[in-house]
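Please open the model in your viewer and keep the selection tool at hand, as each stop below begins with something to select.

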Amino acid sequence: MTTTQHSRLGPPCQAPGPPVDVVAWRRCRLLEHSFGPALADTLAHDRTDLHRLLALVDAGCPPELAAQILTPVDLPGTGTSGGMP
């Protein structure tokens, strides 16, 4: 079994007690997994599945490509994402 090591920026994202700010926690987790600050900010605020993003990166996918794969695409004129209505 292999272990993936992530570069950490500052203290780990886990603090004692329940999370106070989910967006800040998501951003911290993305930064831990080598997402750039601007991309981490964007993804922390949207509806992209964080666990799937991190799983792709852990499997060797570059962060930018993982974001492209999993970011929902709004269909023009429908006001909905690419899933079934």
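Begin by selecting Leu39: is Leu39 buried, partly exposed or exposed? At 24% relative accessibility, Leu39 counts as partly exposed, where buried means under 20% relative accessible area, exposed over 50%, and partly exposed in between (1.4 Å probe, protein chains only). This is a predicted model, in which local features need pLDDT of at least 70 and side-chain atom pairs count only at pLDDT 80 or more, while totals for chains, interfaces and linings use all residues. Residues are numbered from 1 along each chain as its sequence is written, and side-chain values use heavy atoms, with hydrogens and water left out.

Leu39 is found in helix H2, helices being DSSP runs of H or I with at least four residues, numbered from the N terminus. From C-alpha to C-alpha, Leu39 and Pro63 are 8.9 Å apart in space, although 24 residues separate them in sequence.

Next, select helix H1 (residues 22-32), whose buried residues are Arg26, Cys28, Leu30, Leu31 and Glu32. These buried residues pack against helix H2 (37-45) and helix H3 (50-58). At the N-terminal end of H1, look for the cap formed by Asp21, where a side-chain oxygen lies 3.1 Å from the backbone nitrogen of Val23.

Finally, move along H1 to Glu32, which is buried, with a relative accessible area of 3%. Just after H1, Ser34 takes a positive phi of about 75 degrees.

Notes. Helix = DSSP H or I, 4+ residues; strand = E, 2+ residues; numbered from the N terminus. Contact = heavy atoms within 4.5 Å. Polar contact = N/O pair within 3.5 Å; in protein donor to acceptor, adjacent residues only side chain to side chain.
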